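Here is a short briefing to read beside the model. Please keep the sequence and the 3D view open as you go.

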Amino acid sequence: MRNTAIGATAVIAVLAGLVAAGPAPAAPATSAAEKLAGAAKAETGMKPGKPGKAASVHGKGRIAYIESLDHDIRFGVDAEQKPFTRPLPGAAPDGLATDAEGILKFSHTTPNGSRGWAEAKVDCLVTSGRTATLTAVVNKSNVEETGTRLGISVQQGTDGEPDRLGFSWGVVNIDPANLDEEGRPNRLQAGSCMAPAPFTIVTKGGFEVVHAEIRKTPEPTTGAVNRRD
């Protein structure tokens, strides 16, 4: 019995030594929310009087569209995010984090020489890495109605990959239940920042996408209340 007790004591002592020499307890894992908050602070520079960088897309290029490979289709974009600059009364009085400004241009020339074109004012922009979606409202065109919102997406290629671009008219944005008098689908207007995946390849020119995290909506401000007692 005595030898057994001594043996047990020795085993316990060895285990205690291993525990003491082992790695320190792991720190609590950082939650996804904490990681996002840290990234947002780094992106937006949470210091008074020092705004962070803004998301943007700049460039121009010709695309290869599968439905019209022999057509000359070109896009030009100069857009920059301007958070909380477009108030929406009743919905977002301070505007949205994705508010933006700039110009979108496109032209489409067919093999017989006919040319359609449009110029539109950017109203929304959101980015993720090398990809951006933006919308713009037409103010000049020979093929689009003034006031129509157009949506496009841009993906900046890396490692030898081509840039890519998608647009909200063509093979997407169709509601089969929304038909005209002749049974053809009506073309729908894009919602703000809504655009398809960049499904075409940029064959000439290119685009630069600058990413920035979306900013948090400001807390509503309340004015002073005058009281008479």
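Buried means under 20% relative accessible area, exposed means over 50%, and partly exposed lies in between (1.4 Å probe, protein chains only). This is a predicted model, in which local features need pLDDT of at least 70, side-chain atom pairs count only at pLDDT 80 or more, and totals for chains, interfaces and linings use all residues. Residues are numbered from 1 along each chain as its sequence is written, and side-chain values use heavy atoms, with hydrogens and water left out.

**Overall fold**
- The protein has 2 helices and 10 strands; helices (H or I, at least four residues) and strands (E, at least two) are DSSP runs, numbered from the N terminus.
- Along the sequence the order is α-α-β-β-β-β-β-β-β-β-β-β.
- Of the 229 residues, 29% are buried.
- Among contacts (heavy atoms within 4.5 Å) with a separation of 6 or more, 56% join residues 24 or more positions apart.

**Salt bridges**
- The structure holds 4 salt bridges, each defined as a side-chain nitrogen of Lys or Arg within 4 Å of a carboxyl oxygen of Asp or Glu.
- Arg149 and Asp123 pair at 2.9 Å, N to O; this pair links distant parts of the chain, with Arg149 in strand 6 (residues 149-155) and Asp123 in strand 4, 26 residues apart.
- Arg149 is partly exposed at 22% relative accessibility, whereas Asp123 is buried at 12%.
- Glu80 bridges to Lys82, with the closest N and O atoms 3.5 Å apart; Glu80 has a relative accessible area of 31% and Lys82 one of 30%.

- Glu119 lies in strand 4 (residues 115-128).
- Glu119 is buried yet has no salt bridge, and the nearest side chain of opposite charge, Lys105, is 4.1 Å away; Lys and Arg count as positive and Asp and Glu as negative, while His and the chain ends are not counted.
- Leaving aside residues up to four places away in sequence, Glu119 touches Ile103, Leu104, Lys105, Val138, Asn139 and Lys140.
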